[in-house]
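These are my notebook entries on a structure that I looked up.

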Amino acid sequence: YIHQTTDGGLNWIQRTDIQLYFTNDIYFTEIDTGFVTDGFGIDLYKTFDGGLSWLRDTTIETAHYFNYFPNKYHWILNGGVGQLWETTDNGFSWTEISGNIPSGGFGRFQAPKEWIGYAVGAVGLILKYEDTSYVPLELISFDGKIEKDKVFLYWQTATELNNRGFEIEKSFDKENWFKIGFVEGRGTTTDINYYSYIDSEISSGIQYYRLKQIDYDGSFEFSNIIEVNIDLDIISYHLFQNFPNPFNSSTVIYFQVPGKSLINIFVYDIKGEKILELVNDEKEKGLYKAELENVNLPSGIYFVRMITSTGFSAVIKITLIK
């Protein structure tokens with residue numbers, strides 16, 4: 001029978017609701033979703049309620065033990081001598097693997113990467129699996145430099161897989177990041193590709209940049225963070241877009257001041273009524289930030305306006321979602 005523990009192994013419960021007197025292997029991909037093979041190497045059973053009930057998978061002819069890829073929903077079921085079954089959707093559908101499989105059988109398999117793996121076979125064989133159709137994104141380099149009061153960002157990739165593109169994110173403190181642009185990707189390719197982006201809204205001091213690479217399915221990964229030290233004389237006022245935007249409970253707004261002046265920053269609702277005061281202070285030349293947090297406001301669109309004693313005025317739109 002299958003035995004189950006609910007207290008870290010201190011006690012075990014014999015599950016008699018599934019009539020498997022011999023079991024060979026078991027694999028749970030979620031807290032409630034699991035699979036088990038019987039000891040005769042014939043049947044595969046699956047549960048979707050944490051083992052309370054089990055169903056026999058009649059699409060599988062023989063079932064011995066499981067072999068896994070890094071993606072927990074992608075695995076191979078060893079069915080015995082010369083029989084392998086593959087699933088990429090957590091056991092909902094199966095494809096029988098055919099091809100260069102040793103006649104003496106196929107042993108345990110391990111895949112350190114999604115596209116490459118190793119297995120043991122009969123009479124001392126060690127087998128290598130390589131899926132040449134799988135092309136992960138490989139970022140070769142990402143860097144930036146100052147050119148004519150602008151930051152020129154450039155990067156290159158060696159391979160790409162389903163790459164929708166890159167969001168370019170910027171920060172003044174390596175904690176609060178905001179999106180400043182997007183560059184389309186090349187989809188799937190094994191060619192070396194070159195990308196670039198120009199940030200023209202810069203301020204004096206260190207600025208940080210990173211790439212958010214996004215696939216067509218919405219999954220994403222961040223690149224390494226680079227920093228660019230900009231030695232500029234701040235000669236103009238600027239109100240930067242807040243981040244995050246939309247936001248839930250808090251957001252950060254940066255602004256720069258070229259010289260000593262009185263700074264007022266207010267929040268207005270969609271009707272144009274003033275509802276919050278973020279800044280009312282005299283500031284010296286420099287880069288500053290204002291934080292809007294834990295606001296008791298309903299979801300909606302609001303406007304942030306910066307006014308100075310020198311006559312400068314700027315407005316950004318922010319969105320609160322609760």
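Entry one: salt bridges. I counted a salt bridge wherever a side-chain nitrogen of Lys or Arg lies within 4 Å of a carboxyl oxygen of Asp or Glu. I noted that the model is predicted. By this rule I found that Lys179 and Glu167 form a salt bridge, with 3.8 Å from N to O. Lys179 belongs to strand S16 (residues 177–189) and Glu167 to strand S15 (residues 151–171), 12 residues apart. I recorded Lys179 as partly exposed, at 46% relative accessible area, whereas Glu167 is buried, at 14%.

The structure holds nine salt bridges, and I looked up two others. Lys289 meets Asp173 at 3.6 Å, N to O. Because Lys289 is in strand S25 and Asp173 is in the loop between S15 and S16, this pair ties together parts that are 116 residues apart in sequence. Lys289 is partly exposed at 39% relative accessibility, and Asp173 is also listed as partly exposed, at 25%.

Asp43 pairs with Arg56, and their closest N and O atoms are 2.7 Å apart. Here the loop between S4 and S5 supplies Asp43, while Arg56 comes from strand S6 (residues 55–56). Asp43 is buried, with a relative accessible area of 14%; Arg56 is partly exposed, at 39%.

Which residues have the most contacts inside the largest nonpolar core? I found Leu239, Phe255, Ile263, Ile265, Val304, Met306 and Ile318, in a core of 21 residues. Strands S22 (250–257), S23 (261–268), S25 (286–293), S26 (300–308) and S27 (313–320) each supply at least two of its residues. The largest share, four residues, comes from S27. I then followed Ile263, whose contacts include Phe255, Val257 and Met306. Another core, of 15 residues, lies apart from this one, and Phe142 and Tyr195 are among its members.

S22 pairs with S25 in the antiparallel sense over eight bridges, and Val257 stands opposite Gly286 in S25. Strand S21 (residues 238–239) also runs antiparallel to S22 and is joined to it by two bridges; His238 stands opposite Gln256.

I located a nonpolar patch of about 340 Å², made by Phe22, Phe40 and Ile42. Ile42 lies in the loop between strand S4 (34–38) and strand S5 (44–47), and it is partly exposed, at 42% relative accessible area.

How values were computed: Residues numbered from 1 in each chain as written. Predicted model: local features only at pLDDT ≥ 70, side-chain atom pairs only at ≥ 80, totals over all residues. Heavy atoms only, no water. Patch = residues over 30% accessible without salt bridge, like charges linked within 9 Å, V, L, I, M, F, W, Y side chains within 5 Å. Areas by Shrake-Rupley, 256 points an atom, 1.4 Å probe, with all protein chains shown as cover. Buried < 20%, exposed > 50% of the residue type's maximum accessible area, 1.4 Å probe, protein only. Core = buried A, V, L, I, M, F, W, Y, C linked by side-chain atoms within 4.5 Å. Contact = heavy atoms within 4.5 Å. Pairing = 2+ DSSP bridges. Lists of a residue's contacts leave out its neighbours within four places in sequence.
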